[in-house]
Structures are given as C-alpha cells and as structure tokens.
Number of protein chains: 2
Amino acid sequence: MTKLQITVDIVLFTILERQLHVLLIRRLAEPFRGSYALPGGFVLENESVDEAAHRELREETGVEKVFLEQLYTFGEPNRDPRGRVITVAYYALVANSHILRSGTDAADAAWFALNKLPPVAFDHQNIIEYAQQRLRNKLDYSNVGFELLPEKFTLTELQLVHEAILGANLDKRNFRRKILQQGIVEPSKEWQKTGRKPAQLYRFVD
Amino acid sequence: MTKLQITVDIVLFTILERQLHVLLIRRLAEPFRGSYALPGGFVLENESVDEAAHRELREETGVEKVFLEQLYTFGEPNRDPRGRVITVAYYALVANSHILRSGTDAADAAWFALNKLPPVAFDHQNIIEYAQQRLRNKLDYSNVGFELLPEKFTLTELQLVHEAILGANLDKRNFRRKILQQGIVEPSKEWQKTGRKPAQLYRFVD
C-alpha cells in the first residue's frame, strides 16, 4: 500500500476577446515557487474529491457556484517532486464577467490565452491540453456553450463560442447547417434587434 | 494533508446471449469477504494509475491487452470501511471469447447480466451504473462497438450490440437510418453470405 497524497486541479476556461483563456495562479510555495499553475490543492480528510475541487477554486480565485466536471485523474509516479501525488483534474467554463481575487495560496490569478501560456508547474501543461481536447470533443454532442452564453443567443454568438474553443474560424453557412441538424439548439420566439437587421434568437434544447 | 490510499476498479463488459454482462469477482479478504466486487486493488508505488488498472485486471481475471478507458474517480469520504480510500474506476469491453481465470485475491470470477447483479461490495453498484451510462452515451458519438465486433460486420450485428448496451429493442429501419447518417460506419466491398440472403458488410470509419 502506497503512501501518497491526492490533490485536485481545476482548468477554468473563459472566452476573452474571442479567444479561449485559462486561469492560472502564481505559486507562493515550493515546489515551483513563483511559477504559474492551475488552481488546486490537497483533498482534506472529511470532504469528497468533488467538494475539494469547489473549495480550492473558491479559496484560490473567489469563483463559486460554477459547473465543474471531472476531467481525468493523472497518476504518473513522478509527476510531483514532493513524492507520490495523484491529482484529480476538473474543468469548468465561466462567463468572463466573473471577478477573480487572489487567495491564501496564490500571489495572483490571471487569465491566459491558450496560445500564449507561460511555462506552468508540474504536468499542468498536459492537463490543460487534455481539458482543451475534451472541450473540443464536447462541441459535437453537447450544449457546451451553455455556461458561456445568455439564455437566448444568436447563431453568430454561438459560432463565436465554437470558434474560440476550436481556435479556428468557421464557415458561417456550414456552421449553421450543422448546428441546426444536431438538434442541440432550437429557435425561440424572439429576435435580437441591436444589429443592422434583426437576428433570430435561439436557445439550447432541454 | 490526508492519509489515504488509492485503488483502481475495473468495470469489464461483454455481451453474452444478447445481454450486457459485467465481470465480478468474489472477495477472499475483508472487508466484504465473500461478497462480489469489481476486480481491482491498490495502486503500487512505482506504477501509474493506468498501469495499476491493467495489472489488477490481469492478476484477478487473466484478461490482458484490453482497451481500458478511465471512467471516473470516486472519492466520497466514507466509501470504504478501511479508511480514506479513493478509487479510480476504469471500464473496458471485451468480446465474449475471453477466458477468465481466478487470481490470488479472488475466489472466482464470473459474468453477470446487468439486470441480474448480486449485491456488490463498497459503492461498486454506483460505479457499475455510471459505467453503463457512459457506454450508452458513447453509442451516439463513437465506435463503441469496435471491441465487440469483427473488423467487418452486418448492420444486424451492430444493432445487436446497441440493443445489448441499451437493454432495449430498436426499430430496424430507424436504427439503420440513424447509424448511416452518423457516418461512424461505412460499407465495405464484401457481403456476408451465411444467411438466407446476402447482407452488406460494414466497417468503422477510421
């Protein structure tokens, strides 16, 4: 039976300036002191792993009541210089209006575009890439944009979410045909009238 | 920092007599001695969590070289009477021709239909249900039948796999239309000629 510790790490995504961003904190403690890392920490004795993920995110960033989904458990023997530490990774999406505050373990927290990440501690680069891949895969079969859009949205707004997650521009006509075929969204009875011409508002199918 | 242990548990599925079955072993050790449980055990010091899953499956059932996918990490504080034990669950699908042998920790291993499970140890009932749900969800967007079918197969054979996983009969015409629309399978140039009339053989798209 191995003496080990278990942590949680959270990949928190948002979209800023049409680009997918991830939240990183600067580490105040060794190892990797001064480096950027995912928010996270050790699972406490009387909490579930899921509870630990919510608590660490709240303590380190001030982000609360967010939809967190378990991503993957990373358990390579030498992934942490402190010894055998297995981490359960989570990911979440938030609208960019969330306000971040630094917690006790982190000097500061900041959003980084996925294509401009600084060097990160531990195997967190792997974890971020894994989370990004999961997010991309989910575009095809789920309402992954739900957390990032208002209740009713135009297909242009939805396309911007997809483009940010994919890191690529999409053909407008192909995108609309594919989305409407999938049956994930349906037209509402309302129209957005802020642009030059009114745009149909859609919503995710329950 | 919590003193804890980490285990792996494997939900191994097969299809027997058109029904989804799961492999259970009878526990030789406390706790839950004599009860059925998923194959699994403690992660050792110098192996990754994925390696532990392959090793435990091999040791307890003789099943090797199988495609294992990480399912979910179950970390409720009181899920194991021995103390804080977090388990990383995996699932896999095997064709039913695999031969099982009992290992050192298990008195015997046997296949059970999902609708006729005996009482199982720990939170393994939850884990099995979670794995079954994942499998059902994957039918819609992946070649989940790949491990269970020969390289080329008829749509009737594919339908039997879907019916076993869903635990329900499907309408033949609707099933075929939906499968062909999804683009997961494509016709091969061969036909199966064992039945009364030849049937087109399909394969999964790479």
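**Numbering and thresholds.** In this predicted model, local features need pLDDT of at least 70 and side-chain atom pairs count only at pLDDT 80 or more, while totals for chains, interfaces and linings use all residues. Residues are numbered from 1 along each chain as its sequence is written, chains are lettered from A and ligands numbered from 1 in the order in which they are written, and side-chain values use heavy atoms, with hydrogens and water left out.

**Figure 1. The fold of chain A.** Chain A contains four helices and nine strands. Helices (H or I, at least four residues) and strands (E, at least two) are DSSP runs, numbered from the N terminus. Along the sequence their order is β-β-β-β-α-β-β-β-α-α-α-β-β. The C-alpha trace of chain A spans about 60 × 35 × 30 Å along its principal axes.

**Figure 2. Two copies and their axis.** Two copies of a chain are related by a rotation about an axis and a shift along it.

**Figure 3. The interface of chain A and chain B.** On chain A, 24 residues are in contact with 24 residues of chain B. Contact means heavy atoms within 4.5 Å. Of the interface residues of chain A, 100% are also interface residues in chain B, so the copies meet through the same surface. The area buried between the chains is about 2,200 Å², and carbon and sulfur atoms give 58% of it. Buried area is the accessible area (1.4 Å probe) that two parts lose on being put together, summed over both.

**Figure 4. What chain A brings to chain B.** Across this interface, 11 residue pairs are in polar contact, both residues at pLDDT 80 or more. A polar contact is a pair of N or O atoms within 3.5 Å; within protein, one must be able to donate a hydrogen and the other to accept it, and residues adjacent in sequence count only if both atoms are side-chain atoms. Zero salt bridges are counted between chain A and chain B. A salt bridge is a side-chain nitrogen of Lys or Arg within 4 Å of a carboxyl oxygen of Asp or Glu. On the side of chain A that touches chain B, the elements giving two or more residues are β1 (5-16), α1 (49-61), β5 (68-74) and β6 (85-93) of chain A. The largest share, three residues, comes from β5(A). By class, this side of chain A has 12 nonpolar, seven polar and five charged residues. Ala, Val, Leu, Ile, Met, Phe, Trp, Tyr, Cys and Pro count as nonpolar, Asp, Glu, Lys and Arg as charged, and the others, Gly among them, as polar.

**Figure 5. The domain boundary in chain A.** Chain A is divided into domain 1 (5-138) and domain 2 (144-204), with bounds from an automatic or database domain assignment. Their C-alpha centres lie 29 Å apart. In domain 1 of chain A, 12 residues are in contact with nine residues of domain 2 of chain A. The two domains bury about 1,000 Å² between them, 72% of it on carbon and sulfur atoms. A:I15, A:L93 and A:R136 supply 48% of the area that domain 1 buries against domain 2, more than any other three residues.

**Figure 6. Elements and pairs at the domain boundary.** Between domain 1 and domain 2 of chain A, the count is zero salt bridges. Two residue pairs are in polar contact there, both residues at pLDDT 80 or more. On the side of domain 1 that touches domain 2, β2 (19-27) and α2 (124-138) of chain A each supply at least two residues. The largest share, four residues, comes from α2(A). This side of domain 1 has seven nonpolar, two polar and three charged residues.

Figure 7. Over all chains, the count comes to 17 salt bridges. In one of them, the side chains of A:R26 and A:D108 meet at 3.8 Å, N to O. A:R26 lies in strand β2 of chain A and A:D108 in strand β7 (residues 106-113) of chain A, so the pair ties together parts that are 82 residues apart in sequence.

**Figure 8. Backbone details in the loops.** A cis peptide bond joins A:E30 and A:P31, with omega about -5 degrees. A:P31 lies in the loop between β2 and β3 (36-37) of chain A. In chain B, a cis peptide bond joins B:E30 and B:P31, with omega about -5 degrees. B:E17 has a phi near 50 degrees, a positive value in a residue other than glycine. B:E17 is in the loop between β1 (5-16) and β2 of chain B.
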